[in-house]
Amino acid sequence: METLISQVFAGLSVGSILLLIALGLVLTFGQMGVINMAQGEFIMAGAYTAYVMQFVFTNPGVSLLISLPVAFALAGLLGVVLEATLLRRMYDRPLDTLLVTWGVALILQQVARDVFGAPNVDVPAPSFLSGSVSFFGVALPLSRLFILALSLAAVIGLTLVLVRTSLGRRIRATVQNRPLAETSGISTRSTDRMTFFLGSGLAGIAGVALSQVGSIGPTLGTNYVIDAFLVVVVGGIGQIKGAVIAAFALGLLRAGFEYETSASIAKVLVFVAIVIFLQVRPQGIVNVRTRSLA
């Protein structure tokens with residue numbers, strides 16, 4: 001029983017990290033059709049925001065809580081700059097966006113090395129995230145529970161924005177039919193920028209979360225961005241519901257494989273499982289049509 005609980009929690013923990021990282025891509029890749037390989041570097045920017053904040057606010061708890069909105073704003077602004085300067089000219093050329101953003105990602109990594117150095121650095125966890133809680137004899141780390149709660153809060157917040165706000169209605173209208181949205185008086189240019197701001201900002205929050213589970217470095221985001229793309233594809237392009245299901249399913253699957261094999265072999269087995277799944281259901285768990293990838 002304890003082993004089962006431990007493995008299920010490990011899977012949910014991995015899934016929550018994947019979900020938090022993939023949420024931004026649900027907007028920028030799923031909704032806008034932009035293959036943003038620099039999303040990983042927005043995650044890195046969020047993580048380094050937490051690193052810098054610890055020197056501004058000596059209390060780790062205050063530093064962490066302030067890092068969340070600051071990282072959201074910083075990563076969001078980076079995304080807006082990228083969209084306004086480069087990506088706005090490539091909305092109909094997804095492969096070009098992949099190449100361009102990959103180059104931007106390499107530049108941002110080098111900037112991080114020049115500013116913070118190549119070695120990884122640590123962000124101390126606040127006291128309320130240190131230690132663990134016992135659940136049926138299994139110790140559950142508080143830092144992992146924090147990320148799980150943060151990912152679910154991000155899902156709820158993003159869903160409310162898309163469903164209950166005028167911005168969300170503009171985003172959905174632009175995605176479903178851009179010419180008709182423009183005819184209706186919607187500024188699709190400003191909607192694109194806000195969509196990119198939200199998607200990139202969520203990556204910044206993911207970076208702050210990752211700073212609580214390990215060291216951070218210039219290549220932090222690169223280690224996660226491919227997995228995040230897989231979550232979006234498996235879940236169904238542009239579907240929050242599909243991303244939630246896919247993230248936790250892949251997390252549980254990886255935890256199960258790691259228990260029987262090793263971390264590297266488990267990653268390969270998960271990738272094979274994804275390939276097999278996409279052969280059977282190429283549209284992903286939740287079917288959807290987008291303006292650029294449909």
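Buried residues have under 20% relative accessible area, exposed ones over 50%, and partly exposed ones lie in between, computed with a 1.4 Å probe and protein chains only. The views below come from a predicted model in which local features need pLDDT of at least 70 and side-chain atom pairs count only at pLDDT 80 or more, while totals for chains, interfaces and linings use all residues. Residues are numbered from 1 along each chain as its sequence is written, and side-chain values use heavy atoms, with hydrogens and water left out.

**View A. A nonpolar surface patch that includes Leu-252.** Met-1, Leu-4, Val-8 and Leu-252 make a patch of about 400 Å² (patch residues have over 30% relative accessible area and no salt bridge, like charges being joined within 9 Å and nonpolar side chains, namely Val, Leu, Ile, Met, Phe, Trp and Tyr, within 5 Å; areas come from the Shrake-Rupley method with a 1.4 Å probe, and for residues only the protein chains shown count as cover). Leu-252 belongs to helix H10, residues 240–260 (helices are DSSP runs of H or I with at least four residues, numbered from the N terminus). Leu-252 counts as partly exposed because its relative accessibility is 37%.

**View B. The salt bridge between Arg-189 and Glu-83.** The two side chains meet at 3.0 Å, N to O (a salt bridge is a side-chain nitrogen of Lys or Arg within 4 Å of a carboxyl oxygen of Asp or Glu). Arg-189 sits in helix H8 (residues 188–210) and Glu-83 in helix H3, 106 residues apart, so that the pair links distant parts of the chain. Glu-83 is buried at 0% relative accessibility, whereas Arg-189 is partly exposed at 24%. Glu-83, Arg-189 and Asp-192 are linked in a network of salt bridges.

**View C. The salt bridge between Arg-254 and Asp-227.** The closest N and O atoms of this pair are 3.2 Å apart. Since Arg-254 lies in helix H10 and Asp-227 in helix H9 (residues 222–235), the pair ties together parts that are 27 residues apart in sequence. Both Arg-254 and Asp-227 are buried.

**View D. Helix H5, residues 142–164.** This helix of 23 residues reaches 32 Å from its first C-alpha to its last, close to the 33 Å expected at 1.5 Å a residue (the expected span is 1.5 Å times one less than the number of residues). Among the buried residues of H5 are Phe-146, Leu-150, Ala-154 and Leu-158.

Notes
Helices (H or I, at least four residues) and strands (E, at least two) are DSSP runs, numbered from the N terminus.
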